[in-house]
Amino acid sequence: MDILTLNAKVGADLDERWNNLVTRVRDIAPAVLILQEVPHLAAPAATEAARAALGMDLYVAPSRKFNTAIAWNPRVLELQDTEDRYSTSDLHHGYALGQFMPLGTTVRWPAPLTAISSHLPPFSAKAGAEEAKILVNRAWRYGGIGIVGGDMNYLVLGDPEPDWLRFQPHNRVARCLPRTGPDARWIGDRAVGEVFRDGEMTDVAAHLADLRQDPGYRTPTGGGIRLDQFHVTPALRPAIVDYHLVDTGADSDHDGALVTLDLDLVSREFVNSEGFGDVNSPGSWRK
């Protein structure tokens, strides 16, 4: 099963960019499409038009700024529910969460696949880390078979430091640690990656880069760093098959990222069909 994350760059509806991106998505035919910066899809008529254009079902979450969305192939995944509980109260862009039961797997799962489209705030790694804690919570919330994808905006663990002097000052100050003085070197703030790590989630691209000894998996997706990422809970880690970038040309300022999962390899050891269970009991999520 393929999952594609794509930041469409706000304003895609004002020219041919959206239509071009739709063509790319249809050529790839992912089971799940995770979208960011798609406020033009929020109106009901636009949502319906996008469903028809993509050939997928679509859910657009509310947002205080630029909407996120998630689309899926109903012939591959059966929708159980959607959720956006904290989108407009606690997150800058919000998130779109879908719960799915895969069709055609050899064993029916005791909990749904939770897929989340996210877009962390671009102004502060500290603020991004606080939002990432909410995303980790939601990825675990419905049984522990979770994937968070989208525009995470910050340098992750293990990726090389870019040449920060080539970045605009506002991007440096948002994405780097505070300096000790005007001549000190810039160092990327990896607080968001630390949150996902401490939430026992795996960075898909970094995992494959280390496993296959191929730094190409860490290739930047936009803005000089790997902004667009997938993080999975332990249940999905053994199901990771492949990952690669999708060239968007002039149709976005981000490349897309595509992860391939083998859903028959999902580990039931880490699945809790009752959700969090007794959150005061250490290790109670393991079942």
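Contact, in these notes, means heavy atoms within 4.5 Å. Helices (H or I, at least four residues) and strands (E, at least two) are DSSP runs, numbered from the N terminus. Axes are lines fitted to C-alpha atoms, for helices over the stretch in contact, with angles from 0 to 180 degrees between N-to-C directions.

I'm working on a predicted model, where local features need pLDDT of at least 70, side-chain atom pairs count only at pLDDT 80 or more, and totals for chains, interfaces and linings use all residues. Numbering starts from 1 along each chain as its sequence is written, and side-chain values use heavy atoms, with hydrogens and water left out.

**Sheet.** I looked up helix H2 (residues 44–54): it lies across E2, E3 and strand E4 (69–72), at about 145 degrees to E3. The sheet itself is open, with 6 strands in the order E3-E4-E2-E1-E12-E11 and mixed pairing (two strands pair if DSSP finds at least two bridges between them). E3 (57–60) and E11 (240–246) are the edge strands with a single partner each, so one side of each has no neighbour in the sheet. I get an average twist of 15 degrees from one strand to the next.

I then checked E1 (residues 2–7) against E2 (residues 32–36): they run parallel, joined by 5 bridges. Leucine 4 sits opposite leucine 33 in E2. Helix H1 (residues 17–28) packs on the sheet and touches E1, E2, E11 and strand E12 (256–261), at about 165 degrees to the direction of E1.

**Rings.** I counted 3 aromatic pairs (rings of Phe, Tyr and Trp, its six-membered ring, with centres within 6.5 Å; planes under 30 degrees apart are stacked, over 60 edge-to-face, the rest tilted). One of them is tryptophan 72 with phenylalanine 100, tilted, 5.3 Å centre to centre and 55 degrees between planes. Tryptophan 72 is in E4 and phenylalanine 100 in E6 (residues 95–102), so this pair ties together parts 28 residues apart in sequence. Both residues are buried (under 20% relative accessible area; exposed is over 50%, partly exposed in between; 1.4 Å probe, protein chains only).

Tryptophan 164 and phenylalanine 167 make another tilted pair, at 4.6 Å and 45 degrees; both are buried.

**H6.** How many residues of helix H6 (residues 204–211) are buried? I find 6 of its 8, namely Val204, Ala205, Ala206, His207, Leu208 and Ala209. These buried residues pack against strand E9 (202–203), strand E10 (228–232), E11 and E12. Just past H6, I noted that glutamine 213 has a positive phi of about 50 degrees.
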